[in-house]
Amino acid sequence: MKEWKVQIPALVIVILACIIVDINLKGYSREVKGQAGNTYVSCIGEITQIDAGRATGQPTAWTWSVGGQEGGQILTIEILSGRFKGQNVFAANTFIGEYSDRVFRVGDKIYITLEAKDDSIVRTSPVGLGEYVRTSFLLYLAAAFLILIIIIGGSKGIKAGLSLIASGVFIAGLLIPMFLRGYNPVLVSILIATVNSVLTFMLVGGMTRKSVAGILGTVGGLATAAILAAFSSYLLKFSGLDISFGFLNLGKRLWLAGESSNWDFRGILVAGMIIGASGAIMDSSMAVASAIDEVKKANPQIGIRGCIKAGLNVGKDEMGTMANTLIFAYIGADITLILMPMIQFGEAGQAFPFTRVVNQEAASAEIVQAMAGTIGLIMAIPITALFAGILIGKSHGEIDEADSKFTGKPIFRWIVPIIMLVTAIGIQVGYSVTRRSAATQTDRAEERIVSEYVRAKVIDRTSSIDVPSDSGYAKGPAKSEILRVKIKGGNYRNDQTLVQNIIDPNRIPLNNVEVNNGDEVLLKVDGTKQSLYEAIMHNYSRDGILLYIIGLFIILMILVGRFQGIRTIIALTISLTIILEILLPLIMKGYDPVLSVIVISGFVAFTSLIIITGFNRKTGSATIGIMGGVITAGLLVLFADQRLHFTGISSSRAALAVQFTTSQNLDFRKILMAGIIMGLLGTAMDAAIAVASSVREVRNANPDLPAAKLVRAGMNVGTDVLGTMANTLIFAYVGLRLMLIMTLAGTNILAGGKLEILSTETVAAEILRLLAGSIGLVLTIPITAFAAAWWDEIMSVLGFGGKTT
Amino acid sequence: MKIRSITELVILAAFLISALVVATGFNTGDSIESELSKSVRGYVQEGNRLFNAGRVNYNKASIQYWKAIKLDPDNAEAHYKLASIYYAYVWNHEALEALSEVKRVEPSYKGLYLLLGKVHDKMANAEEAFAAFQKAVEQQPQNSEAHYYLGTMYQQQSMSYLNKDEDEKAVDVLNMSINEYVKAIEANSDDTAVVKSHLQLGRIYRNNQPDIAAQKLRKALDINPQAMEVISELRNIYRIQAENYESQREFLKAAEKYREMININPGDERNADIYVKIGNIYRSNELYDRAAKVFEKAAELDPMNFEAFTALKELELLKDTEE
């Protein structure tokens, strides 16, 4: 059947569905009964007129100014939905001189809340100003994404779209309800991820040996990720509650709320880690199982060991780019957290030094999430290769590939174990060095240590005594104990000190540090250079264990990926160094974050690909494709920024930074945008290299093939990976924001109707992150295919004559 | 299996084991007992040396006392000093716990009840604090601090009676309070407690007998001329007296009180406004030369004092007109 015969109906369905949903969204109205027979009506309004002035009788509020407009705004709003549609109301938008102030413009559409009695608006009652209406824009963006994958991917694109919708249904219809019903989150997440992988493999490849091997590999990778995530969460004493929603401390609200009293917060955190990794793990298993199947078809004589080796070879290539996927997705999702150590807070200076940030639960959990997921996908490769080798290769004799024996000098054979050993020793040394380090701030005369974050080991402690709780909740008295600790680094290295440690059952567990003798903790100390004055318990010391988890990731990467693994680690190290040492300082100096991320992304992609695959036309064309995708995503988020009125305050940390920073150059709105773009980089690299590689292989097989056919070949491969790649991104972000999704689905903690909550900046930013990233990913594929097919022509135009391989 | 593969697996296993060792805190290294090399006396003496060197060394001192207690859980001195440090750190519950150990080991330990009272006082346990200070006075009759704190307890009780309109009881208890402050001054064992006792007496007499109050506060300043609370209280008394004279139109007497106010601390920048007040009194009494001098002093102390500046200008104009 011709492609257009499926494409056109699919496009019509998407457009019609979009229009119908939009009509519904625009008719939004929600009523809540109030006192004395009054009703509170939430609906949509459009600002038709703005008067600046001092008219609403709130004198203190008018002493501040925002955007050069002193005082506030008197808004005339036309009601667009609900039973008062067409009427005008007036509202005061008062500026209080804080980051939460909003300056409205004529034409802005916002959610408003009115008080009504009988059939009329109570005019004396103030009109509540809610969120900007962001849902329509996001809906059209989602439609644009589906339209793009249908146009670019054809029937495969439709399948990819259906697979994405199925994933969404799985998450919303099965995963979240099971969590809310109190089932063990870790087991549920493994089960759901497994079922999802079974369905995906069956949908794509049918009930074949390849699918079974892929499923088993996925399950193996998921199990690895799950064990690592659960064990790390236990060791690092995660509470699962270090989460915020805008400037709301969501963790605390959830902990206090009755609706979430049966939630296993740590379990949900671990479940998020598993779900976040499942897309990437499935992707790598799919690639390895498919490759072994293809090798078997090409050479039916190949045996089990040959198949396994072929699978491992493909897996090593896959690993190189896949390792970036989760890491960049998570870096992009929390770019403010990474910026925090560089931000100045007036007299407090760098109030969030790296030592403090990295030991906080939020940062530690994200590192574990990225590492556990990536280790899961690394382990999925040999597991898949093993099962695929056994299942696919067993019916024939053992014929190994001729090139399977390494023929280099003996010393090179030992490079992998040597580098593993060097890594293991390096981690031990790194552990010792970091224990001795400290984040110190002195006064101007450098005589007094104003604050120093140091690690200390608990040597001894008193038995705890009951003390009154500071909080007003009745879960029993707090327990206080005095610890004798030995400071491991900084100005007071090897000194001992006493520190009070209060465990209060009435406060959020995130703020309690429960320790035993021998445990390591993070203290905040101050004093003179000679004498420690006071030590305050700050947090668990988590960075030591994190260092070992990173070490495990590197060693496994090298063990499984061999030379390709070493190259991947080098590429990843260089990429992270570029981000930390070039990109973030540029942003801090006031360079446009979006532009900086776009330029640096190209640089990172090019450098990484050169290291992983060498310098060739494949690298060049993939870089062009990645840049195309990244620039598209960049333009898209900049356009979205105009429509969605973001402030950049998508987390409590960002709110804190916006409110108190003295770093003048920071534009948090654009930093949020930059993070959205950066999240795409890993998947874009993966997709681009897959397309560019296939074009090169096809060209090598038939050098006379015209460019148009090369493009088609590249597009074929690209659309194959499109579905799984977009799934990878979706699962990564869902895993990262699992608690937020559960809060939306299962509680009434966030005020307003579901649509209004979807319109909040935090939720809208996450949806934009997903859609802009996916659209950038979709466009990476054709751009890479075109660049790869017309590489020589492009090089000639640029003045680089001659052919590259 | 090849040697290389075995080596790789061994490296991985060794790495995992070292990670587990770190993760589970097995590498405690420092044995609590092995580090206790000194005798109990040695630790206590070293602790006392550091403790007496001041607050900045409390941390080091506390470790010495802790070690002493590890070796000898019945060492009352170590427990007491540790309690003193906890009190300074505002770890009040822990201080109480340490003091209960002192009580267990040596109920008559010198200073026990005084510190116990202070801790309870800080925790706003009025009854327990009162009982402890009473015992402290019995235990150390010549201790100014004990008398001072007991005096403050009586003073609080007096306020409480006043609030309940039990005026007679309030007066009785206030007299007991005065008695304790006087004893604190007579015992003269601790300058701080003596100064504070004078201050409290000054406060008690402030409203009804301001001259006696001023006298008490002057005595406190003789001991510690920098006591800010005393200075502030004394200035306040003179200010009220001066304002009273002003309201009775006895301006020159008022000026004298303002002068006394200035003399407490002549370099104080706030004196500029007082000089202006004196200047205004002299000006209204047509003592223009004296007025000009004090306005000049006001301007010297505070060059931005607008009132002094305009008054001087006016006086110059007046002088020119007269000439």
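Start with the negative charge on chain B. B:Asp165, B:Asp167, B:Glu168 and B:Asp172 gather in a negative surface patch. Patch members have over 30% relative accessible area and no salt bridge; like charges are joined within 9 Å, and nonpolar side chains (Val, Leu, Ile, Met, Phe, Trp, Tyr) within 5 Å. A salt bridge here is a side-chain nitrogen of Lys or Arg within 4 Å of a carboxyl oxygen of Asp or Glu. Asp and Glu count as negative, Lys and Arg as positive, while His and the chain ends are not counted. Each charge is placed at NZ of Lys, CZ of Arg, CG of Asp or CD of Glu.

This is a predicted model: local features need pLDDT of at least 70, side-chain atom pairs count only at pLDDT 80 or more, and totals for chains, interfaces and linings use all residues. Residues are numbered from 1 along each chain as its sequence is written, chains are lettered from A and ligands numbered from 1 in the order in which they are written, and side-chain values use heavy atoms, with hydrogens and water left out.

Back to B:Asp172. It sits in helix α9 of chain B, residues 167–187. Helices are DSSP runs (H or I, at least four residues), as are strands (E, at least two), numbered from the N terminus. B:Asp172 counts as partly exposed because its relative accessibility is 46%. The cut-offs: buried is under 20% relative accessible area, exposed over 50%, partly exposed in between (1.4 Å probe, protein chains only).

Now chain A. A:Trp4, A:Ile8, A:Val12, A:Leu16 and A:Ile20 make a nonpolar surface patch of about 500 Å². Areas come from the Shrake-Rupley method with a 1.4 Å probe; for residues, only the protein chains shown count as cover. A:Val12 lies in helix α1, residues 3–26. At 42% relative accessibility, A:Val12 is partly exposed.

Next, backbone angles. Most residues other than glycine have a negative phi. A:Arg562 has a positive phi of about 50 degrees. This arginine is in helix α13 of chain A, residues 543–588. A:Arg562 is buried, at 19%. B:Glu286 also has a positive phi, near 60 degrees. Its place is the loop between α14 (271–284) and α15 (288–301) of chain B. Buried or exposed? B:Glu286 is exposed, at 59% relative accessibility.

One contact along chain A. A:Asn196, in helix α3 (residues 185–205), is buried at 6%. Its C-alpha is 7.5 Å from that of A:Ser167, 29 residues apart along the chain.

Last, confidence. The predictor gives the complex an ipTM of 0.79 and a pTM of 0.83. Chain B averages a pLDDT (per-residue confidence, from 0 to 100) of 89, and 96% of its residues score at least 70.

How values were computed
pLDDT = per-residue confidence, 0-100.
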